Amino acid sequence: MVTGTSSKPQRRGNTRQRIQDVALELFAEQGYEKTSLREISERLGVTKAALYYHFKTKEDIVVSLFTDLMAPIDELIAWAAQQPRTLETKHEILERYSSALADAAPLFRFMQENQATMRELSIGANFKERMQDLLTHLQPDDAALTERVRCFSAVFSMHAGMFLLRDAEGDPEEKRRAILEVARDLITQAHQK
């Protein structure tokens, strides 16, 4: 068995993906603005030239993270657009979104801890559009304001739950399922006009 010096497993093995992982760690630890490309290359143990070969700027790294880690959410939105607008479909959307969130947890931590930066980066507007598309598929047809708020709250509770329960005692899968149950309840209520 091969063991590494890091207690945290790397998401993937190639240099580009290792750069993304280390950058995300540093952004979470120090903040986006306080992290330099030099620090990223030093932590990786690669030259700045090797880093520049893959990414010219920190924003390039963040954009690549969104592109890679948000792909399942894009796929979910495309899938949802092809489904009947039933309550069962909406519950399946939440189930799939919950899984995608679990896989993208480091990226959502970055977003939470670097909100000012997210407003400045072009990718922030793209993420907002994705969330609006997702909400469209969760809302009942001709939803009243209260139902729209419930649908928004379902998605918000999934995002907030990731952070609020991150350090709480318990099995991560049990916490994910509990958050999902609350979101499903809100969507169900929104459909019981």
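Modeller: Helix α6 (residues 87-103) packs with helix α10 (residues 145-164) at an angle of about 25°, and their axes are 11 Å apart. This is a predicted model, in which local features need pLDDT of at least 70, side-chain atom pairs count only at pLDDT 80 or more, and totals for chains, interfaces and linings use all residues. Residues are numbered from 1 along each chain as its sequence is written, and side-chain values use heavy atoms, with hydrogens and water left out.

Colleague: What makes a stretch a helix, and what is its axis?

Modeller: Helices are DSSP runs of H or I with at least four residues, numbered from the N terminus. An axis is a line fitted to C-alpha atoms, for helices over the stretch in contact, and angles run from 0 to 180 degrees between N-to-C directions.

Colleague: Why are α6 and α10 called roughly parallel?

Modeller: Angles under 35 degrees count as roughly parallel, over 145 as roughly antiparallel, 65 to 115 as roughly perpendicular and the rest as oblique. The angle here is about 25°. So α6 and α10 are roughly parallel to each other.

Colleague: Which residues of α6 and α10 meet?

Modeller: Contact means heavy atoms within 4.5 Å. From α6 come Leu94, Tyr97, Ser98 and Leu101; from α10 come Val155, Met158, His159 and Met162. By class, six are nonpolar, two polar and none charged. Ala, Val, Leu, Ile, Met, Phe, Trp, Tyr, Cys and Pro count as nonpolar, Asp, Glu, Lys and Arg as charged, and the others, Gly among them, as polar.

Colleague: What do α6 and α9 do?

Modeller: Their axes come within 9 Å and cross at roughly 145°. Lys90, Ile93, Leu94 and Tyr97 in α6 meet Met131, Leu134, His137 and Leu138 in α9. That contact has six nonpolar residues, one polar and one charged.

Colleague: Why does His137 count as buried?

Modeller: Buried means under 20% relative accessible area, exposed over 50%, partly exposed in between (1.4 Å probe, protein chains only). His137 has 16% relative accessibility, so His137 counts as buried. His137 lies in helix α9 (residues 122-138). Leaving aside residues up to four places away in sequence, His137 touches Ile77, Ala80, Ala81, Arg85, Lys90 and Ile93. His137 and Ile77 are 60 residues apart in sequence, but 7.8 Å apart in space, C-alpha to C-alpha.

Colleague: How do you know that Glu29 and Arg43 form a salt bridge?

Modeller: A salt bridge is a side-chain nitrogen of Lys or Arg within 4 Å of a carboxyl oxygen of Asp or Glu. For Glu29 and Arg43 the closest N and O atoms are 3.0 Å apart. Glu29 lies in helix α1 (residues 15-30) and Arg43 in helix α2 (residues 37-44), so the pair ties together parts 14 residues apart in sequence. The structure holds eleven salt bridges.

Colleague: Where do Arg38 and Glu42 lie?

Modeller: Both lie in helix α2, four residues apart, about one turn of the helix.

Colleague: Why is Glu42 called exposed, and what is Arg38 called?

Modeller: Glu42 has 53% relative accessibility, so Glu42 counts as exposed. Arg38 has a relative accessible area of 41%, so Arg38 is partly exposed.

Colleague: Which residue forms a salt bridge with Arg177?

Modeller: Glu95 does, with the closest N and O atoms 2.8 Å apart. The pair links distant parts of the chain: Arg177 is in helix α11 (residues 172-190) and Glu95 in helix α6, 82 residues apart. Salt bridges that share partners join Glu95, Glu173, Arg176 and Arg177 into one network.

Notes: Helix = DSSP H or I, 4+ residues; strand = E, 2+ residues; numbered from the N terminus.
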